[in-house]
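Subject: Handover of a two-chain model

Dear colleague,

Please find the structure below, handed over for your records. My notes on it come after the display.

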Amino acid sequence: MMLKNGGLWAGCFFLLFALVLLGVSFEYDYLSQLGGGIGPGFLPRWTSLFLAVLAILYIVDSLKRNPVDLSKVLPGKGGIKTIVLLLLYMIIFVGIVKYVGFMVATTLVTFLMFRGYLKWYLNSPVSLGTALLLYWIFIVWLQVPLPVNALGW
Amino acid sequence: MDTINHLLQGFAIASTGWNLLYCLIGVTMGMFVGIMPGFGPVAGTAILIPLTFSMSPVSAIIMLAGIYYGAMYGGTITSVLINVPGEAASIVTCLDGYQMAKQGRAGTALGVSAIGSFIGGTAAVVGLTFIAPWLARIALRFGPPEFFSVMLLGMTMLIGMMGKSLIKGVIAALFGLLLAMFGDDPVSGSVRFSFGIMEMNSGVELVAIAMGLFGISEIFICASEHLKRQKSLEVKKLLPDKAEWGPTMGAIWRGSVVGFLVGMIPGTNSVIASLMSYALEKKTAKDPSRFGKGAIEGVAGPETANNACAGAANIPLFTLGIPSSPTIAILLGAFMMHGLAPGPKLFQDNPDFVWGVIASLYIGNIILLIMNLPMARLWAKVAQVPFEILFPLIILFCLIGSYSVNNRLWDVGMMLVFGVIGYFMKKLDIPMAAVLLPFVLGRPIESSFVQSMLMSNGDLMIFLRRPISLGLMCFTALIVAGSIYSSLKHKREALTGDLEV
């Protein structure tokens, strides 16, 4: 039952984050070598310590007074499928854009995202048109150096 | 007289063809962002930052600022027509605006909002024009302890007024503050928390965090909840009846004052301004029972206040370099990306930039008035764009935007990570806006703290020995005490959750 408490998981995430940073903060000087001042380790140490304490308080609060049902936090069956697909499309974009270039990657990812909403014969020109428009805005007009293939697109 | 001359010079800069175009793009994007429920000015501004890289700083900030105040106008449309606020500041407008729409008066509600927004927004810019230079002169006397105290105050106010749980607000703020400590230390230059990853040497990118927390996470939320567009009500006559002009104008003037005063205080935001204005209108009305049933003052006052607040929020940014809301924090990040350091010296060192941007705010408000009065019906149609078309486009903009900040895929990955974190934070009512402000202020706050410590040989009492710093610290302590009290007495429910997202 305790493991189905969303607050517990969130608290643990922040606690872990704080403890890792607290541990690493000991590698940095606590006081400045110039004398009188504080070093690069001072604020990270205290901030992560405070975060760790508050994360523990949050965990206690969510266990004792304000439990959050994990099922309300996690998306439903249909929702999780959509989210995973969207994440997958974005990861595909990140994975291929360096090799195939902006135009191909954008057309493909747009096509995948519009799939199910637009029929393929409409989706294909819309995806290509979207990629072309973005190419023109970012690469031609604004000269943003986006990854392109050997042919320059 | 000096101010007028500077302002005229500013108009000369802001009214060049390109700057007018960028202002138009900015306010149009702002309107668009405003009418898209769940997609607010923070994500909108962050997404457009990469578009500005090849622009001059003045053009860039003219466009980005336009998104913020444009969104305040746009947020009204969906509040009135489909009872869904496009951005948080328009929540109050739903109460009477939607009731008016159901009575066949959607056009009047939108018309009154547009007029109020224009007057409130313009009044705030007039205030900015005359108060900011004076405040900047005072702020020139500030040293590191004063800057540290004022930044601490801004952060405390934001956290103190945010969310239903104080613990969650502080956790979010400390999370943001720690994220700001990744990368090179602003004083000693030593690299912290890089974990041997080269890309982490420069820290976590603001645009990646903002797009992830406020853009990608919203898409995940909408996907998980299967949101569908609702049919909007019809827009007819735009202006109020003759008898309604008196109470409407009264509400507009009161809203302007409330919004302006709230906007000037670091850490407050336009949600508070519109809530305060609504409460004031209800209190001053002869028949308060009309409120919630389509009272025109209930639309005019809050809509004016949120625009006045958005305009006035530029005052702490321009004079002290302190963002008063998450969107202004993004704007501050954009200043830095363009090599500008907001603060009191900005008026001295970059007068063309400052006055060009201020003049553009006047122009932007006029453009928005035109967009909202004669073109209200068109925007009502835009509000019907299906999510299935909209979200892929937003995702593409986020992917391109996060990549182009540093031309590396690492930032795209970071954006996705923060998108997932943002999803869970939102579901668990952990205020995301409280992450962003401390993240942006993290480096300046650390610098001013370290410098203060060096000045005092490590004595913390330096913050209490200097009168301005002492006053600010006392105010901070009061807010902390008030927040703890409200938390213990369970009185935080009245405060809004996540603001201006």
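The notes below take the conventions, then chain A, then chain B.

This is a predicted model, in which local features need pLDDT of at least 70 and side-chain atom pairs count only at pLDDT 80 or more, while totals for chains, interfaces and linings use all residues. Residues are numbered from 1 along each chain as its sequence is written, chains are lettered from A and ligands numbered from 1 in the order in which they are written, and side-chain values use heavy atoms, with hydrogens and water left out.

Chain A

Chain A holds six helices and zero strands; helices (H or I, at least four residues) and strands (E, at least two) are DSSP runs, numbered from the N terminus. The order of its elements from the N terminus is α-α-α-α-α-α.

The radius of gyration of chain A is 24 Å, whereas a compact globule of 153 residues would have one near 15 Å. This radius is taken over C-alpha atoms, and the globule rule is 2.2 Å times the number of residues to the power 0.38. The C-alpha trace of chain A spans about 60 × 50 × 20 Å along its principal axes.

Of the 153 residues in chain A, 46% count as buried; buried means under 20% relative accessible area, exposed over 50%, and partly exposed in between (1.4 Å probe, protein chains only). Among contacts in chain A with a separation of 6 or more, 53% join residues 24 or more positions apart, where contact means heavy atoms within 4.5 Å. The accessible surface of chain A is about 8600 Å², and carbon and sulfur atoms account for 73% of that area; such areas come from the Shrake-Rupley method with a 1.4 Å probe, and for residues only the protein chains shown count as cover.

Chain A has 10 positive and 4 negative charges, whose mean positions are 20 Å apart. Lys and Arg count as positive and Asp and Glu as negative, with His and the chain ends not counted; each charge is placed at NZ of Lys, CZ of Arg, CG of Asp or CD of Glu.

Ten of the 13 residues of α5(A) are buried, among them A:Phe102, A:Thr107, A:Thr110 and A:Phe114. The buried residues of α5(A) pack against α4 (77–100) and α6 (120–141) of chain A, together with α18 (387–406) of chain B. Just after α5(A), A:Gly116 has a positive phi of about 95 degrees.

A:Ser127 lies in helix α6 of chain A and counts as buried because its relative accessibility is 0%. Beyond its neighbours within four places in sequence, A:Ser127 is in contact with A:Thr107, A:Thr110, A:Phe111 and A:Phe114. Its C-alpha atom is separated by 49 Å from that of A:Phe50, 77 residues apart along the chain.

Chain B

Chain B comprises 22 helices and two strands. The C-alpha atoms of chain B fill a box of roughly 65 × 55 × 50 Å along the principal axes.

In chain B, 65% of the 501 residues count as buried. Residues 24 or more positions apart supply 79% of the chain B contacts with a separation of 6 or more. Chain B exposes about 16900 Å², of which 67% comes from carbon and sulfur atoms. The centres of its 31 positive and 27 negative side chains lie 8 Å apart.

Yours sincerely
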